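Work through the exercises below with the structure open. Each task is followed by a solution in steps.

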Amino acid sequence: MCGVIGIYDEKGVAKKLFFGLSSLQHRGQESAGMSVSNGSEIVRKKGMGLVSDVFKDGVLEDLQGSMGIGHVRYSTAGGSFEFNTQPLMAFAKNTTMSLAHNGNLINYQILRTRLEEEGMMFQTTIDSEVILYLISRYYKGDIVQAVRKAMGLIKGAYAVVLLLEDKLLAFRDPYGIRPLVLGDTPDGGWIVSSENAPIDIIGGRYIRDIQPGEVVVIDQEGIQSFPMEEEQKPKHCSFEYVYFARNDATLDGVNSYNFRRRCGEILYEEFPVDVDLVVAVPDSGIPSAIGYSQASHIPLAEGLVKNRYMGRTFIKPTQEEREMAVKLKLNPLSHVVSGKRIVLLDDSIVRGTTSANLISRLREAGAKEVHMRVTSPPVVNPCYYGIDTPSRKHLIAANMSVEEIEEKIGADSLRFISEEGMVKAARIAGDHLCMACFDGHYPVDPIVL
C-alpha cells in the first residue's frame, strides 16, 4: 500500500501537494516525495521518512509549478531503501516523465527479466519502474496510446499518477483494485488522489472515482477521460475498507466509517457476548466498537490509550519493529479495565502478534475476561496486489483454526465476522469486492504470464 496524489492548479501546487500527502501519511511512512512541473521542466524532491521530514522549511520553495504528483510509500515490493523512493523519473524522446504508483504487479518479475534480456538497466528494485519504462518505450507523441500499450502488458493492481512537462495523467487497473478519486481545487484546478481526504484538506470538491481501466488527462485545455473499451466487473479491495483507508474516506461508493460501524453492529448480531465494556483497538477498530456498543447497549470505554506520535504498526517493515511499535503505540488503561469483562474490537488479525500482546497486557492491567471480535473474516490467503501478506506461513488463520488462534492469543473467546456479514456492511454487490485474502478468489490470477 502507498498513497498517490496529482494536482493541476495554475496558482501553484507544491503546498497543496504537501498538505495532500500529509493527509495520506497513514498509507505509507517509509518515504515521501513529489515532482513538480512549471511547464518546461520537472523538479523532484524525495527522501526517507515522513512527509514533514522530507519537506522541511524552504524545500517547497524550490518546487514551483502548476502541476505535480506526490507519493508516500509503504514497501511491499523491492524493500525499504532510498533508491526505491518515489516518484520515479525517466528521460526519453525529448520528454521527461515522472511516475508514482500504488499497488503491486503480479507479473513484474517476468516483465523485468524480459526487459533486462533486451538490455534495460534498472535503477530500482520496485515494480513501478517497469510501468514507467514501458510507457516511455511506447511513447511516440501520444501519451494515452503509450499508457494503453503499457496497461496491456502489466497485470495486477495499480493506481498511477504520471507527470509530463505539460500534462498530468492518472490511470487505474481494469478491476479498480486500488482506489483513485477525482476532485477539483478551490482555484479551479484538478486533483486526483488515493483517498478523498486531500481534496477535503485543500478545500476542494470530490467529483467522482476514477473508473477501473480509465485514463484521465489534465492540462491547460482542461480534463479528458479515456474509458476502457471493454468494461470489466470491478473488484475493489475490501481490505481498504477494513483497515487501510481513513475513517473519512469514501471509495467507490463505500464510506469507511459507516462500513466499520455496520461491521460492529453485525458482529453483535452474529456473535453476542455478555460483558461489562466494549473496548476498541484504535484507530480503525473504533467505529466497529461504536457499532457493537450501539447494537448491544453495552457501554463503550476507552480501555487502550494511544500514543498519537506513533504510526501504523501493520506497515512497519519488520516483525520486530511491529511488535515494539505495538507496545509504544497502545497502553491499557488499568483504571477502566480492572475487574471488568471486556469485548475487544479490532479490524483484523493477520499475524496474531498484536492481538496476543494486547490481550496479555489487558489481563496484566486487571481485565477479568477479554473476548475478541474481529470486523473482517480470517485472513487465510496472501495478497498479491499491494498488502504485505506475501506468504501463507505469516498468516495465523491460514495455519490455525479459530479455536487454536483463540488459545494462541489468550482470548476468552474469539469470533470473526462472516464473509456475508462483511459484504452486507459494505452495501455494494459482493462480486464487486476483491476478497481474495479471505476466500481465495483472485480477480487476476497470480500465475498469469
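**Exercise 1. Contacts and cores**

Task: In this predicted model, list the residues that Phe-55 touches, leaving out those up to four places away in sequence. Then place Phe-55 in its nonpolar core.

Solution. 
- Step 1. The contacts of Phe-55 are Phe-18, Leu-21, Ala-32, Gly-33, Met-34, Lys-45, Leu-60 and Leu-63.
- Step 2. Phe-55 is among the residues with the most contacts inside the largest nonpolar core, which has 70 residues.

**Exercise 2. Cysteines**

Task: Count the disulfides, taking a pair of sulfur atoms within 2.5 Å as the criterion, and explain the result for Cys-263 and Cys-434.

Solution. 
- Step 1. For Cys-263, the closest cysteine sulfur is that of Cys-437, at 13 Å, which is too far for a bond.
- Step 2. For Cys-434, the closest is in Cys-237, at 6.1 Å, also too far for a bond.
- Step 3. The count is zero disulfides.
- Step 4. Cys-263 is buried, at 0% relative accessible area, and Cys-434 is buried at 8%.

**Exercise 3. The two faces of a helix**

Task: Determine which residues of helix H14 (residues 402-409) are buried, and what they pack against.

Solution. 
- Step 1. Ile-405, Glu-406 and Ile-409 are the buried residues of H14.
- Step 2. Because they cover an arc of only 105° around the axis, they lie on the same side of H14.
- Step 3. The face turned away from that side carries the exposed residues Glu-403, Glu-407 and Lys-408.
- Step 4. The buried residues pack against helix H12 (353-364), strand S22 (369-374), helix H13 (396-399) and strand S23 (413-416).
- Step 5. After H14 comes Gly-410, with a positive phi near 85°.

**Exercise 4. A sheet and its helices**

Task: Give the strand order of the open sheet of five strands, and find its edges.

Solution. 
- Step 1. The order is S18-S17-S21-S22-S23, paired in parallel.
- Step 2. S18 (300-301) and S23 each have a single partner strand, so they stand at the edges.
- Step 3. Strand S21 (residues 341-346) pairs with S22 over six bridges; Val-343 has His-371 of S22 as its bridge partner.
- Step 4. Helix H8 (residues 256-270) packs on the sheet, touching S21, S22 and S23, and its direction makes about 120° with that of S23.
- Step 5. Helix H9 (residues 286-296) lies across S17 (277-280), S18, S21 and S22, at about 165° to S17.

Technical notes:
Residues numbered from 1 in each chain as written. Predicted model: local features only at pLDDT ≥ 70, side-chain atom pairs only at ≥ 80, totals over all residues. Heavy atoms only, no water. Disulfide = S-S within 2.5 Å. Buried < 20%, exposed > 50% of the residue type's maximum accessible area, 1.4 Å probe, protein only. Core = buried A, V, L, I, M, F, W, Y, C linked by side-chain atoms within 4.5 Å. Contact = heavy atoms within 4.5 Å. Helix = DSSP H or I, 4+ residues; strand = E, 2+ residues; numbered from the N terminus. Arc of directions from axis to C-beta. Pairing = 2+ DSSP bridges. Axes fitted to C-alpha atoms, helices over the stretch in contact; angles between N-to-C directions.
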